[in-house]
Amino acid sequence: MRKTFGEFIEAFDHRTGLHSALRTFLYEEIPASSGWHQVFGSVALFLIMIQFFTGAMLAFNYAPTPGDAYNSVRYILTEVTAGRLMRGLHHWGASMIIVVVVLHMVQVFLWGAYKKPREGTWIVGVLLLLLSLAYGLTGYLLPWDNRAYWGTVVTTQIGATVPIMGPYVSRLLASTGDIGVVTFARFYGLHVLLLPPATMLLIVLHVYLVRRHGVAPAPGDELRPKKSFFPEQVFKDTVAVFVAFAILFVMAIAVRVPLERMADPTDTSYIPRPEWYFLFLFQLLKAFSGPLEVLGTVVLPTLAILALILTPFIDRSRIVRLRQRTLAFGVVALAALGWGGLTGAAVRSTPPQTEASSIDFSGPIEWMQMSPAEMAGVHYFREEKCATCHNVTGDTPKAGPNLLNTGRRHDADWLLMHFKQPSAVAPNTAMAPVDLNDAALRDLLALMLKLTPATGDVADTAPEFAAEGAYIFQKNNCGTCHAVNGVGGKIGPVLNGVSARRTEAWVIEHFQNPQKMSPKTPMPPYRFNQADMQNEVSYLFTLPDKVAGK
Amino acid sequence: MSNQFPAQTEGAEAFGQTRRAFYLAAIYALGAVISVALAIPTAIYLLVAPRAPKETGFIDAGDISELTPGAPVELSFQESRIDGWRPETQQKTAWVVKTPDNKILAFGPQCTHLACAYHWENGQNKFVCPCHGSEFSIDGKVLVGPAARPLDRYQTKIENNRLQLGELKQSQG
């Protein structure tokens, strides 16, 4: 059997040369000093493949036009099984590539591996770094949420400040006017059609150059026998790849990638922030204002890129021992300090987003299907601090009974009585009467009946603005005229899908002065205070567009 | 397989051999773990049906108080459904029949052979499909092939003289 297999390989190799090619590739000779410090290139290559793969998988469930893009990402997160994992891998994989590519460059820089005759390899590597950043910039827009939209507005504005080239950059990215369908198409085209083949081409060139010149030796290597790339170095590379993959996989599962509200060009309260690896540039920009701004947006970044590209020509000394590279260590330390300082300052100066503007649609969304009464029940549940004595889904020991499946054990009348006068129906209870009016008790009751295993954690996980919004909705009897999630009157329009029909500004204005916005409406004006208004509008705007089962 | 590769150098002792075997095993094992960890979620992602929104209940198809026995009419109605991530409203039709014993039947508008649109021939008192000549009786049974199954029926319900249509059930051949 073994012999037959060997013969088969031989015959196959005779016709294709694949096996010999693989052998030549694997048994490449590398310097004796090679080892763990040279694994980063392989890890970066592996991560790029992960990106290509997960990117293609996401494209299977993604519609590349504004609006639809957002809905399809939401579909991936909420309806497609393992969709969250797939997006998590793609999102965190992008960040990891930046980390690994930078580690790779730092290693090459410290060891002086960019020196003659390997200048070309280094320059191609710098181009690959720039490509990685370009992926980040273009991919940022594709979920079409507020974060994507406003982040891209800022990015394209920066592009427009480039002297002479600015207007052409804007026209190229179709961002002269508003960010819209054409901009989106350009970003998508760049991200999936132009950048990947460019990356592949440069990677082939990069690996070819590495092979042509061989792995850079350290001083002393010329006296020691060379090693074979396979299997020892391949083993080390594989271990590193595995560690990277394990970290990526755990992050994709454990760290949620937010999907905020759909891009809203009228949302003037949104504070855009770039991806973490661009934060230092963002912070740098703050140091320059007025006519000097171009220093931060264009001149300094261009100089930095030029310095990177020219590194092999600036430092033309021979390769020396790592210990003698004090200057190189200094440069790396300085760069790390500068980057870390600017990034830290940017993080510190980031005001906390108001919860409503950064709704995490990738989080639990059961609450979106609940009726306003049930959601108002969440407000009372929290206001009355029911969770002090009762668990719903948790299991910390508490004084009162677990409330899961309450609706199955007791009927509505029993529960209402129990709220008002606990000891009347449960003689030995230690519970105090719930001091709320009848309407409020009915809302709390509605929630009690919903505490099933499927929706039980809503009392813990539903966002504050939604509970508050529903509370205001109930208190003002909005449900008399308007239906939400299939419950409510038919006099006014159904409020599901209002986010698709109206802007936030319009709705706020409409609350304050209904007749101004729609002259024939019988709706009375509502003058909520600012916090209430924000909660109410956010609540209405996060309702599902379509009511399930209706 | 090892005879395919260059012989070990001078120092190829038992120790080196064991180490080499360990490297190979680790490379294959780690590679396999990564492949499986990617392949399983990918298979789930691609093959498991997405969490669909609940079945849309009955849809109002119109007034049937004017319907006379033996004279099928084609009713058209709007059906809302969610196509992937996009809510859609579709125009749909059903052939509605009142049988002599006052039962209401509603047929899906497509022939059970190859899904052409059939129609009612008034003179011949039967449903005729123009594509391949299938014919069905007023209660949907096959009179002439090639169709092998009777016409598909909607679940029906009548409220205040209005016909409510449920799921279109595929008929059994």
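1. Let's start with a term you'll need throughout: a residue is buried if 20 or more other C-beta atoms lie within 10 Å of its own, exposed if 12 or fewer, and partly exposed in between, with C-beta atoms placed from the backbone. By that count, 17% of the 173 residues of chain B are buried. For chain A, buried residues make up 35% of its 550 residues.

2. A word on what you're looking at. This is a predicted model, in which local features need pLDDT of at least 70 and side-chain atom pairs count only at pLDDT 80 or more, while totals for chains, interfaces and linings use all residues. Residues are numbered from 1 along each chain as its sequence is written, and chains are lettered from A and ligands numbered from 1 in the order in which they are written.

3. Next, the overall make-up. Helices (H or I, at least four residues) and strands (E, at least two) are DSSP runs, numbered from the N terminus. Chain A has 24 helices and 4 strands, and its C-alpha trace spans about 95 × 70 × 50 Å along the principal axes. Chain B comes to 1 helix and 10 strands. Read from the N terminus, the elements of chain B go α-β-β-β-β-β-β-β-β-β-β.

4. Take contacts between residues at least 6 apart in sequence: in chain A, 77% of them join residues at least 24 apart. For chain B, the corresponding figure is 39%.

5. Which elements of chain B each supply at least two residues of the side that touches chain A? First, the contact itself: 27 residues of chain B are in contact with 30 residues of chain A. The elements are helix 1 (14–47) and strand 3 (86–98) of chain B. Helix 1 of chain B gives the largest share of that side, 13 residues. By class, the side of chain B that touches chain A has 18 nonpolar, 5 polar and 4 charged residues. Here Ala, Val, Leu, Ile, Met, Phe, Trp, Tyr, Cys and Pro count as nonpolar, Asp, Glu, Lys and Arg as charged, and the others, Gly among them, as polar.

6. Strand 3 of chain B also has a partner. Two strands pair if DSSP finds at least two bridges between them. Strand 2 (residues 73–83) and strand 3 of chain B run antiparallel and are joined by 11 bridges. Ile82(B) stands opposite Pro87(B) in strand 3 of chain B. The two strands form a hairpin with 2 residues between them, and Gly84(B) in the turn has a positive phi of about 65 degrees.

7. Back in chain A, look at a helix crossing. The axes of helix 11 (residues 279–286) and helix 13 (residues 326–348) of chain A come within 8 Å and cross at roughly 80 degrees. Axes are lines fitted to C-alpha atoms, for helices over the stretch in contact, and angles run from 0 to 180 degrees between N-to-C directions. Angles under 35 degrees count as roughly parallel, over 145 as roughly antiparallel, 65 to 115 as roughly perpendicular and the rest as oblique. Helix 11 and helix 13 of chain A are therefore roughly perpendicular to each other. Residues making the contact include Phe280(A) and Phe282(A) of helix 11 and Trp339(A) and Leu342(A) of helix 13. By class, this contact has 9 nonpolar, 2 polar and no charged residues.

8. Helix 18 (residues 438–448) of chain A is worth a look too. Its buried residues include Ala440(A), Asp443(A) and Leu444(A). The buried residues of helix 18 pack against several helices of chain A, among them helix 14 (372–383) and helix 20 (464–475).

9. Finally, some backbone details in chain A. A cis peptide bond joins Lys116(A) and Pro117(A), with omega about 10 degrees; Pro117(A) sits in the loop between helix 5 (83–111) and helix 6 (119–141). Another cis peptide bond joins Phe230(A) and Pro231(A), with omega about 0 degrees, and Pro231(A) lies in helix 10 (residues 229–254). Ala82(A) is not a glycine, although it has a positive phi of about 65 degrees. Ala82(A) is buried, with 20 other C-beta atoms within 10 Å.

Key. Contact = placed C-beta atoms within 7 Å.
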